[in-house]
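The sequence and the structure are shown first.

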Amino acid sequence: DRLAEDIRRELTDIFRTLKDPRISGMISIVKVDLAGDQSHCKVYISSLDGTAAANRAVEGLSSAAGFIRREIGSRLKMRRSPEFKFISDNSIEHSADIAKILIDLERK
């Protein structure tokens, strides 16, 4: 769990330095699932701009996966860095919709 949190922190920093136009706007890491043998890592990405923006960001991050893997390995001094799989997640958008429904119910 600690290594997954370290990976999450470093990924956030790496995302800021990427210059791919698909990775723009407010993207956030929802969840990091690191395999027990640390060979694979699933990163769930969400965007405040909607699902389409999150899907574009996933495309950009997938094309930069090799660079990200190398950066994580050198920053965390890992012997073998995990292979990253980026997955679009709409949980932020979904929770905003639920909050809106609850506010509307409260007004009635």
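Arginine 9 is partly exposed, with a relative accessible area of 47%; here, buried means under 20% relative accessible area, exposed over 50% and partly exposed in between, computed with a 1.4 Å probe on protein chains only. The model is predicted: local features need pLDDT of at least 70, side-chain atom pairs count only at pLDDT 80 or more, and totals for chains, interfaces and linings use all residues. Residues are numbered from 1 along each chain as its sequence is written, and side-chain values use heavy atoms, with hydrogens and water left out.

The side chain of arginine 9 meets that of aspartate 6 in a salt bridge, at 3.0 Å from N to O. A salt bridge is defined as a side-chain nitrogen of Lys or Arg within 4 Å of a carboxyl oxygen of Asp or Glu. Aspartate 6 is partly exposed as well, at a relative accessible area of 21%. Helices (H or I, at least four residues) and strands (E, at least two) are DSSP runs, numbered from the N terminus.

## The salt-bridge network

Arginine 9 also forms a salt bridge with glutamate 10, the closest N and O atoms being 3.6 Å apart. Glutamate 10 counts as buried, at 14% relative accessibility. A further salt bridge, at 3.0 Å from N to O, joins the side chains of glutamate 10 and arginine 75. Because glutamate 10 lies in helix α1 and arginine 75 in helix α3, this pair ties together parts that are 65 residues apart in sequence. Arginine 75 is partly exposed, with a relative accessible area of 29%.

Through shared partners, salt bridges join Asp6, Arg9, Glu10, Asp13, Glu71 and Arg75 into one network. The structure holds eight salt bridges.

## Helix α1

Helix α1 comprises residues 2-17, 16 residues in number, and reaches 23 Å from its first C-alpha to its last, close to the 22 Å expected at 1.5 Å a residue. The expected span is 1.5 Å times one less than the number of residues in the helix. Its buried residues are Ala4, Ile7, Glu10, Leu11, Ile14 and Phe15. They cover an arc of only 145 degrees around the axis, so they lie on the same side of α1; the arc is that of the directions from the helix axis to the C-beta atoms.

The elements covering these buried residues include β1, β2, α2, α3 (65-75) and β3. On the face turned away from the buried side, α1 carries the exposed residues Arg2 and Arg16. Arginine 16 has a relative accessibility of 64%. Its C-alpha is 9.9 Å from that of isoleucine 27, a residue eleven positions away in sequence.

Three strands form an open sheet in the order β1-β2-β3, with mixed pairing. Its edge strands, β1 (27-34) and β3 (83-88), each pair on one side only. Neighbouring strands are turned by 25 degrees against each other on average, direction ignored. β1 pairs with β2 (residues 40-47) in the antiparallel sense over seven bridges, two strands being paired if DSSP finds at least two bridges between them. Isoleucine 27 stands opposite serine 47 in β2.

Helix α2 (residues 51-63) packs on the sheet, touching β1, β2 and β3, and its direction makes about 165 degrees with that of β3. Axes are lines fitted to C-alpha atoms, for helices over the stretch in contact, and angles run from 0 to 180 degrees between N-to-C directions. Ala53, Ala54, Ala57, Val58, Gly60 and Leu61 are the buried residues of α2. They cover an arc of only 165 degrees around the axis, which puts them on the same side of α2. These buried residues pack against α1, β1, β2, α3 and β3.

## The chain as a whole

The chain has four helices and three strands, which follow the pattern α-β-β-α-α-β-α along the sequence. Its C-alpha trace spans about 60 × 30 × 15 Å along the principal axes. Of the 108 residues in the chain, 36% are buried. Among contacts (heavy atoms within 4.5 Å) with a separation of 6 or more, 64% are between residues 24 or more positions apart.
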